[in-house]
Amino acid sequence: MTAPDFPYPHDDAGDPNGTRDASGDERYERLGEDPAAGPEHGPPDGPADPVESSDGGEADEPEEPLDSGDVLRRLAGLLGGPTIGLGDVRVRGQNATGHGAVAIGTVNVTTSGTDGTGRIWYERMSETDVRELAHGYAPTSSDQQLDRHLKRRHLVCLSGPSSSGRFTSAVLAAARRHGLDRACVLGAEQPDDLLGPSERLPGGHGYVLRLTDTAANAVDGFTLVALAARAESTGMTLILVGDFSRRGQDLAGHVVEHRVPPAVEVFRARLRQQLTGRCVGWCPDGCDGGCVERYLDDDCVTHPLLSAYLAGEPRPGEVVPVVELIARSVPHGPALTERLEQLLPRQLRERATQILDVNRHDGPDGFDGWAADQARAFRLACAVLAGQSVAEIRQAAQRLAGGDLTGIASTGSRLRAPDLDTLLGSTLRQAVVVVTDERATGGQRIEFGAGSEQLRSTLLEVAWTDWWLPGQLLGWLTDLARSDVPGVRQAAAGAVGWAAGRDVRAALETVGDLARERRAGVRQAAAIGLVAMAMQPGLRQRVRTELDRWAAGPAAHLRDTVARAYGLGLARLWPDAALMQLRLVAQARMQRRNNSVVRGLVEVYRDGHAATLVPELVDWTESEDPEVRLHAARTLRVLADRWAEPPREHWPELLDLVRRRIVEPAHVAALWAVALGMPQTAYRSWRTLGFWLNRADGDPEVASHCLALIRHVIAGRPPLRHRLDHQIRHVWRPIMPRNDLLDAVHALIDEDLP
């Protein structure tokens, strides 16, 4: 929560120096408007000077402020999953590592390393993560065979098809062999890279290396023997995971066939894990957990649709999204039936095909040949621009198919109900909701109903493979991403990110073109595209490599886009990389009057990394680069406006972190000193400190921590001591004449005087 405005004289406008983002959680300076004088000066009377870009151009248009949580939720709907990062995760460096359906920020990598060449890397999973993994794992008959092989050998090839649970099985086998805190995920370009002399993998650990089909087919016996010898010499074990079905005879003795557990057992185990600790049966006399088993047996596995689906033995990777769907709202009876009908993967593909194959499924009398193409484009535009007005969706469809919607009458920009139903078709009409909204152009918006989110990505998939050339679709999405309508830009950017899962090179080139745009709103769209790519685990390494290159390069707009991407959610995935790359971006002249870096740093903080961020910002304040010091001060100013959650809402959040010993008081004091003394941030910083003292008066515990912090701030800093004296006498005392805490603050000044 944030502090309300502190009532300074000559500041009736409220907050002339900042803007509140969409969530209301922070204030960000509208850079260039902060007073350049000390704390005794008010905001400037006239407008700020025009913002210049790094090449001396004029200011680009302001973009719509976005909250990272909203962006991630919208992208999750388009990408067909309820959380960030569905699927097995494999990334380079200290990043999220997981299994099945894993959300960014829920898996903590405790150690990571590399050989220095960038060709191999490893990540150690925490004991908590391994326990969670085991809790949702359905044992299989090949587990015991794998354990026996690991007792006799230091290298085993676990063979199985993709999405069969083979990776999870290997990680748990490594944990059983070496301990829950010694299971590591290993990455390498080729298995031969592990034989290099520069490699230093800690011994006594179990390593799991996933291989592509090409790499698995290329492994030879000599490489296995050499890797086994190296593993034995260091006391570690190595499990190669891949499809070795064609190499069974060549690699005899090293291969263990992974046997996929029954789909119903996978479903039971995963749903039981998701529902642990929750009451799902409205237990009248206290819940003992038995309602979870009753829900599994009576509502789920005996449900006709779900029973038929599980009887088809889908792979574990296909069962996970169904489990996540059910666990989200625990539907019963008809509600469960409705969800299953909408979201079972096989039915989704059939439903998407029905929606786009207009001539076949709507009948020959529904459309003539040209209008059918228009209707198909309209339906695809609904999937891309869900939540936007019907008028915007219609214009997007015209861009894709060309011409107007033949034979479809309209009144102004509003489509008549029968004609809109004709365009949607019966199948899509059941999945969407037409919302009457007078704020929208034409007064109508189209949204996908609850539980229908995955249909959007399936429609894109069918359109990509069956109806339009990929280049045509990508060009259309790029055109939409340059729209003047913020919602259209942002939705199209998410679809560009989705397209990276089909053609990553083309999608990255598209995002790069958008990131070079002078318009801030288009660069914001490019950042959303990067976030959408990173939400797909298989693309994370490519995205990370591209961000490394952009952040270190000379192009100011590309660097700005990197910061925007971290501020819109990527900081949850790569907090360490965010700090490193944002420091590079902060050095750019373009960022003097831009809040992209601050948003990225605040996102790191919000994701629970205050203990890492605050010392890093202190290091920024000691930089020789004035731009870096400025961004550290700006970030402190924003963080100081945050207040703790109930029941400690009377505490400034930073001060509460000091109280809980999560951050050091000396570090917070150092940041305050820079923010209070730097002309660009002094006004709002003194303002916020005054509000802290206003709220702390009458609360002895908060007041004592405030006094201790101020003592740290002014110690050894005579200019700040004199500014504080001026602030108390001429600003705070007239506003807070009954604030007894000001006397104690003034006493700190006196005791520090020579």
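In which kind of crossing does α23 pass α24, left-handed or right-handed? The crossing is left-handed. Keep in mind that you are looking at a predicted model.

**Two packed helices**
- Helix α23 (residues 556-567) packs against helix α24 (residues 575-586) at an angle of about 145°, and their axes are 9 Å apart.
- On the α23 side, the contact is made by Arg 559, Asp 560, Val 562, Ala 563 and Tyr 566.
- Residues from α24 in this contact include Ala 577, Leu 582 and Val 585.
- The contact of α23 with α24 involves 8 nonpolar, 1 polar and 2 charged residues.

**Aromatic pairs**
- The structure holds 4 aromatic pairs.
- Trp 643 and Phe 691 have ring centres 5.5 Å apart and planes at 85°, so this pair is edge-to-face.
- Trp 643 sits in the loop between α27 and α28, while Phe 691 belongs to helix α30, so the pair ties together parts 48 residues apart in sequence.
- Trp 686 and Trp 732 form a tilted pair, because their planes are at 50° with the ring centres 6.1 Å apart.
- Trp 686 is buried at 1% relative accessible area, and Trp 732 is buried at 0%.

- Ser 685 lies in helix α30 (residues 679-696) and counts as buried, at 1% relative accessibility.
- Beyond its neighbours within four places in sequence, Ser 685 is in contact with Arg 637, Trp 672, Ala 675 and Leu 676.

**Charges over rings**
- The charged end of Arg 210 sits over the ring of Phe 167, 3.9 Å from the ring's centre.
- Arg 544 lies over the face of Trp 574, 5.7 Å from the ring centre.

Key: Residues numbered from 1 in each chain as written. Predicted model: local features only at pLDDT ≥ 70, side-chain atom pairs only at ≥ 80, totals over all residues. Heavy atoms only, no water. Helix = DSSP H or I, 4+ residues; strand = E, 2+ residues; numbered from the N terminus. Buried < 20%, exposed > 50% of the residue type's maximum accessible area, 1.4 Å probe, protein only. Contact = heavy atoms within 4.5 Å. Axes fitted to C-alpha atoms, helices over the stretch in contact; angles between N-to-C directions. Left-handed = near helix turned anticlockwise from the far one by under 90°. Nonpolar A, V, L, I, M, F, W, Y, C, P; charged D, E, K, R; others polar. Phe/Tyr/Trp six-rings, centres within 6.5 Å; stacked < 30°, edge-to-face > 60°. Lys NZ or Arg CZ within 6 Å of the ring centre and 35° of its normal.
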